[in-house]
Amino acid sequence: MRNVFRIIIASFGSLILSLWAQAQDADPLEDNAQSCYAAYFAAMENPGLQANMASEWIDLADADFETRVNTVAPYIGGFASMMYAESYAGGVSQNLTAELLRYMRPAVLNAAVGRVAHCDEVYGIEPAIFPNSDAAFQTAYRQGLARMSTPEEIVACNQVYKAAEGNNGIRQSPMGALWANLADFDYGMRLFELELYADIANAYYNVPQNVAYPPEETSWAGKLSAALETQDLAAQQVYLEEVSLCDSAFDMPDTLVPGPMMAPEITHAECGARYTSLIPFYGQVPQTQAYFRQRSLHTANYVKLLAPNQPDQEILQALEASANTRVQSYLKEDGQPDPRRLMQAFDEVGQCDRQYGLSVTIPPEELHRAARMAD
């Protein structure tokens, strides 16, 4: 098992380093110096990490972190870079100390060791630290996946998730009708997971200031707040699409995914036309007319959610026009309703009922009799 883990992680690490080399003319030893210095320094200052996680990672118990720190230091660069590295490493170390004293969360501790294991791979440390459990292997995989994202992508997703901190109302957005699990949207979990697997501090350090700290009006926090305040459904949909993309990129648990109403088997406009087309046949039964009109408006709401910028009147007019065409198809040559075609229309309405989880519309008994007699 030990050799299998070594082969898999080594292959994955080689793939990532290869992708980096293709993407830019850079030296992995220098690119990783800041983050690896911090990872090694934090482990050196917190021997409790080794004591508590030795069973999860191969060769962790006897790892020499002082030698590792000295191995990485020459790659950091000049005085200013070294000052930043020491400051950053000190912060990472303090956070790890607090974790060991207060929470002892396995996911956080595995993340700390996972970064060390990656650095061993980059700097050719022997014996290198490798996963020895499912949780450790998953940590190595998720961190490797995150390293395939650019700093700009990491910062962007961090800001997308943070936007929901002050705008938790997004979970009650009407757009929830299109997203399968929006009501359970957990931005706190996403931020926690991203911090475990992506090097967020290093990402912010490596992007321009205007990207790391955009103006309020152009940041997602500002745009989402405005979208909720003004009920701008189009902007809310764009935000949720960004969340879904970030969830997929970082393999988040409970990924935000489109629900069946995002791309239904029968289009919302088609169902709206089916419901609307039966209204004219119940001119003397206002209650039945209201029934079909209500269901037609139900479908129109979905049309609106998918095309928020389309005027309401335009949506309704399009449904009416399509319904009028269907009405003509239900008539015989003499202009009278054809019971058999109307029965088929009710069957089609029933398909839409089932699609929306509504009670199935039952054709009137007299229509049944008329259709049987026509046969």
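Start with helix 15, residues 268-277. Of its 10 residues, 8 are buried, so this helix is largely enclosed by the rest of the structure. Buried here means under 20% relative accessible area, with exposed over 50% and partly exposed in between, using a 1.4 Å probe and protein chains only. Helices are DSSP runs of H or I, at least four residues, numbered from the N terminus.

A word on the source. This is a predicted model: local features need pLDDT of at least 70, side-chain atom pairs count only at pLDDT 80 or more, and totals for chains, interfaces and linings use all residues. Residues are numbered from 1 along each chain as its sequence is written, and side-chain values use heavy atoms, leaving out hydrogens and water.

Back to helix 15. Its buried residues include His268, Arg274 and Tyr275. What covers them? Helix 16 (286-306), helix 17 (312-329) and helix 18 (339-355) are among the cover. Contact means heavy atoms within 4.5 Å.

The call needs two cysteine sulfur atoms within 2.5 Å. Cys352 lies in helix 18, so the pair ties together parts that are 81 residues apart in sequence. The S-S torsion is about -90°, so this disulfide is left-handed. Cys271 has a relative accessible area of 0%. Cys352 is at 0% too, and counts as buried.

How many disulfides does the whole structure hold? The search finds 3. Next, Cys36 bonds to Cys119, S to S 2.0 Å. Cys36 sits in helix 3 and Cys119 in helix 7, 83 residues apart. Both are buried. Then Cys157 and Cys246, sulfur atoms 2.0 Å apart. Helix 9 holds Cys157 and helix 14 holds Cys246, so this pair ties together parts 89 residues apart in sequence. Counting bonded cysteines along the chain, the pattern is 1-2, 3-4, 5-6.

Now the second largest pocket. Its volume is about 660 Å³. A pocket is an open set of points on a 1 Å grid over the protein atoms alone, where a 1.4 Å probe fits, with protein on both sides within 12 Å along at least five of seven lines; lining residues have an atom within 4 Å of a point. Volume is the space filled by probe spheres set on the points, which are joined across faces, edges and corners. There are 25 lining residues, and those closest to the centre are Val92, Asn95, Val108, Arg115 and Glu195. Helix 6 gives the most, with 6 residues.

Last, Glu99, in helix 6. Buried or exposed? Buried, at 4% relative accessibility.

Technical notes. Helices (H or I, at least four residues) and strands (E, at least two) are DSSP runs, numbered from the N terminus.
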